[in-house]
Amino acid sequence: MGIDKAVPSDLATIAGIQIASWRSAYRGMVADAFLDEEVPVIMARKWARLPGPDWIVLVSRDEGGVSGFAALEMTHRGGPYVDNLHVDPAHRGRGLGRALMASLAAEVLLRGGSAMWLTVIRENAPTRAFYRAIGGIEGTDGHDDL
């Protein structure tokens with residue numbers, strides 16, 4: 001497995017991974033109609049092209065292709081913001097999320113940042129536990145629209 005910068009030919013796979021990951025992680029937390037009908041449209045629009053130079057988009061690759069990705073906006077209000085971290089559900093438990101986060105952190109440091117932040121749905125206990133396990137510190141509850 002290796003981690004490198006995403007290229008335009010990765011975009012359809014990135015969108016597919018995010019759709020599968022949301023359906024796997026958020027089923028029962030958000031409406032099924034949203035996950036099944038709206039999310040594919042949203043992700044097709046979001047990943048129609050790579051974001052601009054203030055973004056870092058990394059992918060994990062293995063012999064089968066892209067198995068996960070992470071995207072971070074350096075200039076987000078509040079500092080470097082992890083917009084996405086998703087691993088194909090079939091590839092979870094192999095350390096890909098941890099490796100992608102470590103690579104994002106290294107990129108942030110190279111660009112002069114010293115921290116990064118993200119949001120997680122309160123009810124998503126496994127994801128919150130993952131971030132705590134890799135050194136994340138939970139902040140106060142807030143509101144963010146998916």
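**Note on the predicted model**

1. Range of contacts. Of the contacts (heavy atoms within 4.5 Å) between residues at least 6 apart in sequence, 60% join residues at least 24 apart in the protein chain.

2. Basis. This is a predicted model: local features need pLDDT of at least 70, side-chain atom pairs count only at pLDDT 80 or more, and totals for chains, interfaces and linings use all residues. Residues are numbered from 1 along each chain as its sequence is written, and side-chain values use heavy atoms, without hydrogens and water.

3. Fold. The protein chain holds four helices and four strands. Their order along the sequence is β-α-α-β-β-β-α-α. Both are DSSP runs numbered from the N terminus: helices are H or I with at least four residues, strands E with at least two.

4. Dimensions. The C-alpha trace spans about 40 × 40 × 30 Å along its principal axes.

5. Burial. Buried residues (under 20% relative accessible area, 1.4 Å probe, protein chains only) make up 35% of the 146 in the protein chain.

6. A nonpolar core is a set of buried Ala, Val, Leu, Ile, Met, Phe, Trp, Tyr and Cys residues joined through side-chain atoms within 4.5 Å. The largest has 21 residues; Ile14, Trp22, Leu35, Val39, Met43 and Trp47 touch the most other members. Helix 1 (11-26), helix 2 (32-46), strand 2 (55-62) and strand 3 (65-73) each give two or more residues. Helix 1 gives the most, with seven. Leaving aside residues up to four places away in sequence, Val39 touches Ile19, Trp22 and Phe34.

7. Second core. A separate core of 14 residues includes Leu72, Leu100, Met101 and Val108.

Technical notes
Buried means under 20% relative accessible area, exposed over 50%, partly exposed in between (1.4 Å probe, protein chains only).
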